[in-house]
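Dear colleague,

I am handing over the structure we spoke about, and below it you will find my notes on what turned up when I went through it. Please read them with the model open beside you.

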Amino acid sequence: MEELLLEVMETDKGRLFISGMLELSGVEMARFNPDPYGNAWQMGRASLGAAILDALRSSERGVELEHIMRREARHPPNA
């Protein structure tokens with residue numbers, strides 16, 4: 001799985017896609033919701049983002065690609 005993720009992250013569009021998935025997952029947002037069902041849903045959604053980040057961070061190249069992805073998210077290459 002990690003190898004496939006790295007292949008995706010090697011491309012501009014792949015990094016954009018993964019960045020969007022991480023944003024949708026809400027992995028880096030505060031997740032508490034007073035509604036227990038809403039809280040469970042948010043935690044489940046964020047767990048997907050956490051799994052993506054864990055897979056990326058399992059290799060030196062993945063960490064480098066994560067930094068590139070985050071830099072591109074702040075300053076898109078086409079902008």
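Let me begin with M21, which touches L48 and I52 when residues up to four places away in sequence are not counted, a contact being heavy atoms within 4.5 Å. M21 belongs to helix α2, where helices (H or I, at least four residues) and strands (E, at least two) are DSSP runs numbered from the N terminus. The C-alpha atoms of M21 and G49 lie 7.2 Å apart in space, although 28 residues separate the two in sequence. With a relative accessible area of 29%, M21 is partly exposed; buried stands for under 20% relative accessible area, exposed for over 50%, and partly exposed for what lies in between (1.4 Å probe, protein chains only).

Some words on provenance: this is a predicted model, in which local features need pLDDT of at least 70 and side-chain atom pairs count only at pLDDT 80 or more, while totals for chains, interfaces and linings use all residues. Residues are numbered from 1 along each chain as its sequence is written, and side-chain values use heavy atoms, with hydrogens and water left out.

As for the overall picture, the protein chain has four helices and zero strands, in the order α-α-α-α along the sequence. Its C-alpha trace spans about 40 × 30 × 15 Å along the principal axes, and buried residues make up 29% of the 79 residues. Of the contacts in the chain with a separation of 6 or more, 54% are between residues 24 or more positions apart.

The buried residues of α3 are G38, A46, G49, I52, L53, A55 and L56, and what covers them includes α1, α2 and α4.

Helix α4 (residues 60–74) also agrees with expectation, since its 15 residues should span 21 Å and its end C-alpha atoms are 22 Å apart. Its buried residues are G62, L65, E66, M69 and E72. Seen down the helix axis, these fall within an arc of 130°, so they line one face of α4, the arc being that of the directions from the helix axis to the C-beta atoms. They pack against α1 (2–9), α2 (12–25) and α3 (36–56), whereas the face turned away from the buried side carries the exposed residues E60, H67 and R74.

Finally, a search of the whole structure finds one cavity of 30 Å³ or more, and the largest cavity has a volume of about 40 Å³. A cavity here is a set of points, on a 1 Å grid over the protein atoms alone, where a 1.4 Å probe fits but cannot get out, and lining residues have an atom within 4 Å of a point. Grid points are joined across faces, edges and corners, and the volume is the space filled by probe spheres set on the points. The largest cavity is lined by S25, G26, M29, A30, R31, Q42 and R45, which divide into two nonpolar, three polar and two charged residues.

Of these, Q42 is found in helix α3 and is partly exposed, with a relative accessible area of 21%. Q42 touches R31, F32 and N33, again not counting residues up to four places away in sequence.

With best wishes

Key
Expected span 1.5 Å × (residues − 1). 1 Å grid on protein atoms, 1.4 Å probe; cavity = no way out; pocket = protein on both sides within 12 Å on 5 of 7 lines; lining within 4 Å. Nonpolar A, V, L, I, M, F, W, Y, C, P; charged D, E, K, R; others polar.
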